[in-house]
Amino acid sequence: MAIGAGLDRRLGRRTVLAGAGAAAAVGAVGFPSIVRAQSKSLKVGVYGGYFKDSFDKHIFPDFTKATGIAVEAVAEPTGEAWLIQLEQAARAKQAPADVSMMSQVAMLKGMAAELWAPLDPAKLPNAAKVKPALMNKYPDGRLSGIGAVSWYITLVTNTKSYPQPPESWAALWDPANKDKLGLLALVSNSFLLDVTAATFFGGSKHLDSEQGQLECFKKLAELKNNVKLWYRDEAQFEAALKSGEVPMGQYYHDVTGLAAADGHPVRSTFPKEGGILDSGSWAVSKASKAGDLAHVFIDYMCQPQIQALLSRKVGTSPTIDRSATDLTDKEFAAVSSDLAPIVPRYDLYVSKADWLNQKWTEMIVG
Amino acid sequence: MSALVLDGLTKRYGSFTAVHGASLRIPHGQFVCLLGPSGCGKTTLLRMIAGLEEPSGGQMLIDDRDITATPAHKRDFGMVFQSLALFPHLSAGENIAYPLRIRGVPADERRRRADSLLELVRLPGMADRPVSRLSGGQRQRVAIARALALEPKLFLLDEPLSALDAKLREAMQIELKQLQRRLGITTIVVTHDQREAMTMADLVVVMSEGRIRQAAPPMEVYRRPADAFVADFIGMTNLLEGEVTVPGRASVPGGELALAGLPPHGRALLSVRPEEVLLHPATAAGGANRLAGTLSFVRDLGASVEFRIDVAGREIVALTRPQDRPSVEPGAAVIVEIPAEACVILPPEGRVS
Amino acid sequence: MIRRAPRSLGEHAPILFPALMLVVFFVIPFGLMIAVSVARRIPGGFYEPDLVFANYERFLSAFFGGVLSFSLELAALVAVVAVGIGFPFTYRLARLPRAAQVRWLVFLLSILSLSEVIIGFAWSTLLSRTAGITNLLVAVGLMAEPQSLSPSFGALLAGMVYQAFPYTVLVLYPALARLDPALVEASRTLGASPLKAFFTVVVPAQRNTIVATLIMAFVFALGSYLLPQLLGRPQHWTLSVLITDQAIYQSNMPFAAAMAVFLVLVSLALVGLSLLFGRKEEA
């Protein structure tokens, strides 16, 4: 969900900024000859709006040039509607898309239903470079998905209201910041439980037990007085942050950087506990008959040049180690950080979804 | 002392003048009818009297007190509207008691007064009837009772009977007149129906194009109309254009009339009521004020017989009682006699008194 | 005209179309919603047809009871304020010259074209500390320093009344334009001041219209789910917000449907009660 709703809104500014610089041409050498087989068309599902537009412009044409595989881009709806469509289609042995970009929660739900065709690491030489945290695996170790794009949610501030950047997520709890914060309104997209665990309880292991989860909720309840805006609509918070109406909060690192580059008095800070790293993964529907082509596509996407291209053009953080890419320090800092990230406990948001949601709603509404 | 005095009351809407300087004195207890065709300004005049329109000029006095600037709700006049304007959310009795409620009269007193007013308009026991379940005539009476609830100084009615059928209307005219006489209340009714005005009024005020043409008792208006408009509007009349040839004689189409009171020379406009015109067979002896013509049409109206006679290209209408009907048939040559005393000499057209 | 029960299909025809529309646009969707509300939720997935009442049980808690009653109170307050302002406004409007009336109605219709999002953003800007009306008050010296008035209950109420206002005016307008002006004039000649005439004649004579408009505004406000998020604090989130959360963000269709069914039933009951009350008054 966060991917779709979060990034669509960046379209306007992004497309302007993305104009400069020619797309890095990627050589066609070294790709398996299998792609020369008769079926040369692949349906790829990406979130409709900003992502699909960017991929159509910067990624798919080069991919077709490099591999001879035509891409039929499918706009995915937001939320988990796409997962449900894939599931229902799979029952009828149909695949509306062969490869889809899925949020982590949707990945896990699809895994529970054995929706994803296992991937063969042998056919994905470039995937070896992808960070282990961004590899999705079935409980028995089979590979179900591979990180497609990732991005950070960080601590953002208005520079006029806060001349000094905050250093820790603990700033959210500081009584001096009463009625100053803008935080995401949902337990499953704010990842504030993970932030609380990382900041006060030594890491996300604390969320293993219900006891630990309740402790995090209790701690979270303490910052309620500081929150002016619990937002679902990112544009509302972005406007309020720029104007200083809501001078502190959590927001997307790259969007904030672009706003600052545009001259707005805002900054994004990676707190010492790390930024929240959210991501989407590529997964292949078990009903797809183009598994081989899908492997070619996923492998293509894992290449360092492509990850660097995504960072420059789409604003996502590379899914592979930065040293493998040719990103400059400045380019890298615009989308990522070397600090260890807070990786959300997606498993919890699936297994205890209703309970967490209920507790969360009671906590902020109550 | 007059109950109501209007002095040069004028109402202008932009460049349009609805009422031109209306002046009138209405004595206490009079029943006045403002009579005229639609658009003549009679309703506007009544609404100014009621305080619902602000005059653009002039003055209004009631019992010598200037009320020109007094708002409607402080005038203490009762008014019956053309649409009756009964309050749909109230019963008949509550409608009548409304003005009492506004003045804070206690409920039981209100009830008592409403009942007696219903009695007055001959609707006893109807107090709890919803307005929607009253007949046209009953609504009429409720509206009248409501307007009378405060024993107003002035009782105003704007075409109150226009929604009723002809028969009920006649009956209500008589009833209204009787009620007014019984209460002795100064009353002003707007109507476009001259029969209605003749039936009820002590004083008929004929209006046209925003001006008062004549204000006089009904029979005077009928017999001595002030101008051609009044003569034509009130009842039926024959208008004859003449030219004064020698003093006391006017030549009209078809002959010459000897009349007293003619202007010394020039044009003269004459009005003579059809029932005053005498009709003779062509064989009858000649005489003064007799014109020769041809009978073109006869109509038997039951109570009277109407003859239309072509006199030198002009039509003259004569009415006789059936028993006085001369034995002439259409196409026959006839002689029309216009008695000098029945002829009203009017100011020439286009001039206003 | 003799009234007897219609027998042939042809005689039923006049009510067939509205009945069909009611079935297509209300009975079927509502039936589907009830069916979904008793479906079994698969945690981490979607739902399967079933007949379980767990969703209703979950709803029957003090927490959701509080949210429901807040939603109803808010909707009722919005309806009362919107009609309270809209009725005298429309009454005056219906008495303006024709050209002025048309201008106002076009203006109000153009407000209808604004989406909830735009209204929400406009009001949050208008009530903000950095760009809002308090800056104006500071400029004229009525206030020491600009203040943030949003998010708050007042901001939410203002936004929702603003949104409901054109609807109330458009619903009230035909009835008030038809109102016989002689009714007020009659009450004036009977001794009522203009204000008294308004309250003793215009308002009571239009009681049914007012009740119908209140119900319309109430139901309309009950469905609002964006403004409470944009202009309210979490304690001002209505049941519609929570339904949206469940349906869209939590993919918990059965629970969302159960809450929606509850909301529909409660509002139907309230509307029924007010109509019953109205009829009794009239009798």
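Student: How far apart are the centres of domain 1 of chain B and domain 2 of chain B, and what makes these two parts domains?

Tutor: In this predicted model, the centres, taken over C-alpha atoms, are separated by 40 Å. Chain B is divided into domain 1 (2–232) and domain 2 (237–346); these are called domains because an automatic or database domain assignment sets their bounds.

Student: Which conventions apply to the model?

Tutor: It is a predicted model in which local features need pLDDT of at least 70, side-chain atom pairs count only at pLDDT 80 or more, and totals for chains, interfaces and linings use all residues. Side-chain values use heavy atoms, leaving out hydrogens and water; residues are numbered from 1 along each chain as its sequence is written, while chains are lettered from A and ligands numbered from 1 in the order in which they are written.

Student: How do you know that domain 1 of chain B and domain 2 of chain B are in contact?

Tutor: Ten residues of domain 1 of chain B meet ten residues of domain 2 of chain B under the contact rule (heavy atoms within 4.5 Å). About 750 Å² is buried between the two domains, 51% of it on carbon and sulfur atoms; buried area is the accessible area (1.4 Å probe) that two parts lose on being put together, summed over both. On the side of domain 1 of chain B that touches domain 2, α7 (218–223) and α8 (228–233) of chain B each give two or more residues. By class, that side has six nonpolar, no polar and four charged residues.

Student: How many salt bridges are counted between domain 1 of chain B and domain 2 of chain B?

Tutor: The count is zero salt bridges, although three residue pairs in polar contact, both residues at pLDDT 80 or more, are found across that interface.

Student: Why is the pair of A:Arg232 and C:Asp245 called a salt bridge?

Tutor: The term requires a side-chain nitrogen of Lys or Arg within 4 Å of a carboxyl oxygen of Asp or Glu. Across the interface of chain A and chain C, two salt bridges are found.

Student: What makes up the interface of chain A and chain C?

Tutor: Here 27 residues of chain A are in contact with 28 residues of chain C, and the two chains bury about 2800 Å² between them. A:Arg232, A:Glu245 and A:Val365 supply 23% of the area that chain A buries against chain C, more than any other three residues. There are also 14 residue pairs in polar contact between the chains, both residues at pLDDT 80 or more. Among the elements of chain A that supply at least two residues of the side touching chain C is α10 (234–243), while α16(A) gives the largest share, eight residues.

Student: Why is the pair of A:Lys352 and A:Glu210 called a polar contact?

Tutor: A polar contact is a pair of N or O atoms within 3.5 Å; within protein, one must be able to donate a hydrogen and the other to accept it, and residues adjacent in sequence count only if both atoms are side-chain atoms. The side chains of A:Lys352 and A:Glu210 are joined at 3.1 Å, so the distance meets the cut-off. A:Lys352 lies in the loop between α15 (346–351) and α16 of chain A.

Student: What share of chain C counts as buried?

Tutor: Of its 283 residues, 44% count as buried, that is, under 20% relative accessible area (1.4 Å probe, protein chains only). The secondary structure of chain C comes to 13 helices and two strands, assigned as DSSP runs (helices H or I, at least four residues; strands E, at least two) numbered from the N terminus.

Methods. Nonpolar A, V, L, I, M, F, W, Y, C, P; charged D, E, K, R; others polar. Buried < 20%, exposed > 50% of the residue type's maximum accessible area, 1.4 Å probe, protein only.
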